[in-house]
Amino acid sequence: MKSIVIGIPTFNRQMLLTKLLDSLADEIRSEPAVLRVIVADNECSDRTRAIVTGRHDMPTHYVPVPERGLSHVRNAIIGAACQQVPDWDWLVMLDDDGTVTPGWLQALVGCGERFRADLVGGPVDGMVPDDAPVLAQVSHFAGRESHPTGPIDRLQTTQNLAISRRIEGLLGFPLFDIRFNGSGGEDYDLFRRTQHAGGKLVWCDEALVLEPTPAERLTNHALLSRAYTTGTYMGQLRRLHDGTWHEATGAARGMVSSVAKLGLGLVSLNARRTACASLDVAHAVGRVAGLIGRRTSRYM
């Protein structure tokens, strides 16, 4: 196994961060290739520093990042990794609200080595409660994305992502574009740029991360708002990578299709179909907004 660094951005989630670090302990004990666990504190006001520096069961490193936003904190992790472990081979990104499952690390990095990947993604189970509202049950939080292990055309998120050091030769550092610092979408932008540069994306279905979704993210308002803001940065990103005309026609088709599905759902009195279509409409509206220059800042 090559030398590994684990990177975790965090913002005022001391209890969740502690659970994540606890879940990592056995993985790190069984894998001596892990040389650092870097926690980047994005201006936390809780006990994050004490929690990180107080861990004596793993090689932690605490990095304060006063500049708020996702791109800043992720780039700070890469910078700290290069400083702390100059010859690292894999940087594994996790979010502070997940926990890893037994064998996760070896599966994820082993898959990257086997397929000579530049980026390796794995499944994230949102663990939505059975009694959650119907909109939550059909949202992206519900269920677990699954694909055959091996090369893949797309990845979704930096939660459960292994980054090969080879990517430095493709894209250079820093990796994350600060234009998407507050809105999100910096991960999608990375995936697209990696593909444009000839890099290889790989999926590892055996490397599972659990991410129980908090109740405040599962309200109808929160879910529709998230669908809209995701659509907004996706409209910007697709315009950037695919061109204005291509995205304009795609956004128009998406709007017509989602409105038609919503109408069918309402007419048929099918709650799940209506819920799915409602999220699609919110995303489509956001996509049009992003296309014409609207920006959001849900991570600031």
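Predicted model: local features only at pLDDT ≥ 70, side-chain atom pairs only at ≥ 80, totals over all residues.

Residues are numbered from 1 along each chain as its sequence is written, and side-chain values use heavy atoms, with hydrogens and water left out.

**Nonpolar cores**

- The largest nonpolar core has 33 residues, and those with the most contacts inside it are I6, I8, L24 and W104; such a core is a set of buried (under 20% relative accessible area, 1.4 Å probe, protein chains only) Ala, Val, Leu, Ile, Met, Phe, Trp, Tyr and Cys residues joined through side-chain atoms within 4.5 Å.
- At least two residues of this core come from each of strand 1 (4–10), helix 1 (14–29), strand 2 (34–41), helix 2 (48–53), strand 4 (90–93) and helix 4 (104–115), where helices (H or I, at least four residues) and strands (E, at least two) are DSSP runs numbered from the N terminus.
- Helix 1 gives the most to this core, with six residues.
- Apart from this core lies another, of 26 residues, among them V65, M93, I167 and L201.

**Helix 7 and helix 8**

- Helix 7 (residues 186–196) and helix 8 (residues 220–242) pack at an angle of about 15 degrees with their axes 11 Å apart, which makes helix 7 roughly parallel to helix 8 (angles under 35 degrees count as roughly parallel).
- Their contact (heavy atoms within 4.5 Å) is made by Y188, D189, R192, R193 and H196 of helix 7 and by M234, L237, R238, L240, H241 and D242 of helix 8.

How values were computed: Axes fitted to C-alpha atoms, helices over the stretch in contact; angles between N-to-C directions. Parallel < 35°, antiparallel > 145°, perpendicular 65-115°, else oblique. Buried < 20%, exposed > 50% of the residue type's maximum accessible area, 1.4 Å probe, protein only.
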